[in-house]
Amino acid sequence: MSLDTEFGGKSCHTTVPPIDQDQHAEDQPARAEAFPDRTNDADVGPPAQAEQPPRTDGASERQYPRPMLTMTPDELDQWLQARGEPRYRLRQVLHWIYQQPVESFEQMSDIPKSLRRDLHRAFRLWTTRVLERQQAEDGTEKLLLRLMDGETVECVLLRDDRGHRTACISTQVGCAMGCAFCASGLGGFKRNLAAYEILEQLLHLRRLLPPKERLTHIVVMGMGEPLANLKNLLAALEVATSPSGLGISGRRVTISTVGIPPAIDRLAETGKPYHLAISLHAPTDELRSRLVPSNQHTGIKAIMNAADRYFAKTGRRVTLEYVLIAGVNDRLEHAVALAELVKNRTAFVNVIAYNPVPELPYRSPSPARVQRFVDKLREAGVNARIRFRKGVSIEAGCGQLRRRFLAAKVQDNGARGKAQNGNSLGQVAAAPCDRPNGQDRPTDTAGQSPSA
Ligand code: SF4
């Protein structure tokens, strides 16, 4: 039996972009107007109206101009009009922001110099910068980004030989879900990302591609629970799927969740064609509550019912993600119970071997054991396939690079504290990884332009 290797898995909400072949067949050019009027959609505000991260440094607007990506094209158009610019100027500026993202306004080569200077004074083109870039042999690239308040998030670019260029993005700093096997949940939740911070991840990843290529898919499977930051995520996706923005088809966007039924319903009500993936990981409440603690309050039944409603409303087949962990959820009896759960449902099961995290005791099952599990599902009539992990050599499981960075920072701070005060490592307990809920953040800020 051949294994599907088109995308790899990460240990986060599991990983792999569950982009099915029939989904691609359904792909159509984005039909949405550029940033349509959303006055009737209270939950989907433009980036400028979406939740912003708290400013912790007391800086004035004069010191820190408005992030460029908080401007809708309409607002930018008005701003340009007020300066007497011709109508085509908007298209030129948007091109340099989204289609061919440049490092600075100065590089917008067909824009008059005086306008470039005004833009520079009024806006901040980038609020994030690349701290680290890793590349795997399979072409997967991972970026660690530093945000204005000193927090860090990861995003990943996945390449395949069919020309798909998939961006895997984060929606929160840390995660409150606390999944037992996940590196992102280890440091707890810090804060939601603003819409412009979600968008900037896409633009950084776009900059990794040559000019002739473009991002084709988005999977929201990075750090954080996307449906716990739905408003900002939707605002960012609105721009990402707009022809004036990144122009990615909404049908090529996959949102992965541990399962929050009311938020799944809200997502369905937006009428967007986004693909929903549910990180199931266990077929029974008893086992799932141990792996995904939020399950204690929701339960598999409520989540599957919400998935059914999502399918009924959108017509999009839901994918169930199942990360296979050796000796935990990989027995044949688990496959049988999973098949029972999926029976009579229009759903698809992605099985991904666990991507080990150094600090955690879980291990990946052998390839033979993974195959046996999938065979059992198929015997029972379940649509299932194996997804191979990508980028294993660069810690592509979500949260791992950030964990290593924070650990190094703790060590570094400790060494400095020791050198300055003759004190012990215990003094650096307030390093970012350990601060509760984003309090007491460092006050340093990101640079104006990305280093990638
Ligand atoms: S802890 Fe958060 S980021 Fe990690 S798998 Fe669970 S929901 Fe995803």
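Let me start with one side chain: is phenylalanine 373 buried or exposed? Phenylalanine 373 is buried, because 25 other C-beta atoms lie within 10 Å. For the cut-offs, a residue is buried if 20 or more other C-beta atoms lie within 10 Å of its own, exposed if 12 or fewer, and partly exposed in between, with C-beta atoms placed from the backbone.

Before going on, the ground rules. This is a predicted model, in which local features need pLDDT of at least 70, side-chain atom pairs count only at pLDDT 80 or more, and totals for chains, interfaces and linings use all residues. Residues are numbered from 1 along each chain as its sequence is written.

pLDDT is the predictor's confidence in each residue, from 0 to 100. The protein chain has a mean pLDDT of 80, with 73% of its residues at 70 or more. Residues 1-49 have pLDDT below 50, yet this stretch has 147 contacts in the model beyond near neighbours in sequence. A contact means that the C-beta atoms of two residues, placed from the backbone, lie within 7 Å. Residues 54-62 are also below 50, with six contacts beyond near neighbours in sequence. Where pLDDT is low, the predicted coordinates should not be read in detail.

Back to phenylalanine 373, which lies in helix H12. Helices (H or I, at least four residues) and strands (E, at least two) are DSSP runs, numbered from the N terminus. Leaving out residues up to four places away in sequence, phenylalanine 373 touches Leu324, Asp330, Ala335 and Val351. Arginine 385 is twelve residues from phenylalanine 373 in sequence, and 10.0 Å from it, C-alpha to C-alpha. H12 as a whole, residues 367-379, lies across strands S12 (318-324), S13 (347-353) and S14, at about 160 degrees to S14. Axes here are lines fitted to C-alpha atoms, for helices over the stretch in contact, and angles run from 0 to 180 degrees between N-to-C directions.

Now the sheet. Ten strands form an open sheet with mixed pairing, in the order S3-S4-S5-S6-S9-S10-S11-S12-S13-S14. Its edge strands are S3 (129-135) and S14 (384-387), each pairing on one side only. Two strands pair if DSSP finds at least two bridges between them.

Take S5 (152-159) and S6 (165-168): they are antiparallel, over four bridges. Valine 156 sits opposite cysteine 168. The two strands make a hairpin with five residues between them, and glycine 163 in the turn has a positive phi of about 90 degrees. S6 also pairs with S9 (217-220), this time in the parallel sense over three bridges, and threonine 166 has histidine 217 as its bridge partner. S9 in turn runs parallel to S10 (253-257), joined by three bridges; there valine 220 is partnered by isoleucine 255.

Which helix is largely enclosed by the rest of the structure? That is H5, because eleven of its twelve residues are buried. The buried ones include Tyr196, Ile198 and Leu202. Their cover includes S1 (66-67), S3, S4 (141-146), S5, S6 and helix H6 (230-240).

Last, a helix pair. The axes of H7 (261-269) and H10 (300-314) come within 9 Å and cross at roughly 5 degrees. That makes H7 roughly parallel to H10, a label used for angles under 35 degrees, with over 145 roughly antiparallel, 65 to 115 roughly perpendicular and the rest oblique.
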